[in-house]
Amino acid sequence: MEPGAGDGAPHYNENNAGRRPGEMSSAHARDAEREAARIEPVLKRLWEQRKWGPASVRAALLELGYEEGDDALTVQGMSPRFRNNAYHTAEGARVGLRVHRDACVTAFVQKSNYNVQANGPYLESGCFEPPFAH
């Protein structure tokens with residue numbers, strides 16, 4: 001079994017490499033943490049106000065001075081999840097903010113909770129965690 005191989009499946013680490021965020025330099029990690037600290041109270045307020053739709057989240061983050069675009073702020077609806085033999089998409093919004101080439105803030109707000117974290121980008125999907133392939 002390979003070290004850190006989750007459920008012990010052969011080639012687990014190789015098959016799941018794209019689902020792990022990249023490394024951040026320490027300076028860029030600090031920058032991403034600083035931006036996460038700016039975003040967290042906004043998402044908390046929206047969650048408390050029950051305003052977790054992408055339009056509300058986008059408007060609130062644009063008020064902080066962020067700009068939308070490929071290498072900046074992206075706000076989308078939640079990803080569909082497979083549950084009870086069907087795909088379901090929860091109400092809410094996902095946030096990806098590219099702080100540096102190697103640093104992101106990834107966040108979400110939905111009915112049940114919200115979360116904000118600093119992380120490196122994902123190999124194929126940028127600031128958003130990629131969906132499971134199988």
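**Figure 1. Leu-62 is found in helix H3.** The model shown here and in the other views is predicted. Leu-62 has a relative accessible area of 35%. Leu-62 and Leu-73 are 11 residues apart along the chain, and 8.6 Å separates their C-alpha atoms.

**Figure 2. Helices H2 and H3 cross in a right-handed manner.** Helix H3 covers residues 54-62, and helix H2 covers residues 26-48. Their axes come within 10 Å and cross at roughly 145°. On the H2 side, the contact is made by Ile-39, Val-42, Leu-43, Arg-45 and Leu-46. On the H3 side, the residues are Ser-56, Val-57, Ala-60 and Leu-61.

**Figure 3. Arg-50 sits in the loop between H2 and H3.** The phi angle of Arg-50 is positive, at about 60°, although the residue is not a glycine. Most residues other than glycine have a negative phi. Arg-50 has a relative accessibility of 56%. Arg-50 counts as exposed because the value is over 50%.

**Figure 4. Asn-85 lies in the loop between strands S2 and S3.** Strand S2 covers residues 81-83 and strand S3 covers residues 86-88. Asn-85 is another residue other than glycine with a positive phi, here near 65°. Is Asn-85 buried or exposed? Asn-85 is exposed, with a relative accessible area of 72%.

**Figure 5. Trp-47 and Tyr-114 form an aromatic pair.** A search of the whole structure finds 1 such pair. The ring centres of Trp-47 and Tyr-114 are 5.6 Å apart, with 50° between the planes. Trp-47 lies in helix H2 and Tyr-114 in strand S6 (residues 114-119), so the pair ties together parts that are 67 residues apart in sequence. Trp-47 is partly exposed, at 29% relative accessibility. Tyr-114 is also partly exposed, with a relative accessible area of 21%.

**Figure 6. Arg-94 lies over the face of Phe-128.** The distance from Arg-94 to the centre of the Phe-128 ring is 4.4 Å.

**Figure 7. The whole protein has 3 helices and 6 strands.** This last view sets the close-ups in context. Along the sequence, the elements follow the pattern α-α-α-β-β-β-β-β-β. The protein has 134 residues, and buried residues make up 33% of them. The protein exposes about 8600 Å², of which carbon and sulfur atoms supply 49%. Among contacts between residues at least 6 apart in sequence, 46% join residues at least 24 apart.

Methods. Residues numbered from 1 in each chain as written. Predicted model: local features only at pLDDT ≥ 70, side-chain atom pairs only at ≥ 80, totals over all residues. Heavy atoms only, no water. Phe/Tyr/Trp six-rings, centres within 6.5 Å; stacked < 30°, edge-to-face > 60°. Helix = DSSP H or I, 4+ residues; strand = E, 2+ residues; numbered from the N terminus. Buried < 20%, exposed > 50% of the residue type's maximum accessible area, 1.4 Å probe, protein only. Lys NZ or Arg CZ within 6 Å of the ring centre and 35° of its normal. Contact = heavy atoms within 4.5 Å. Areas by Shrake-Rupley, 256 points an atom, 1.4 Å probe, with all protein chains shown as cover. Axes fitted to C-alpha atoms, helices over the stretch in contact; angles between N-to-C directions. Left-handed = near helix turned anticlockwise from the far one by under 90°.
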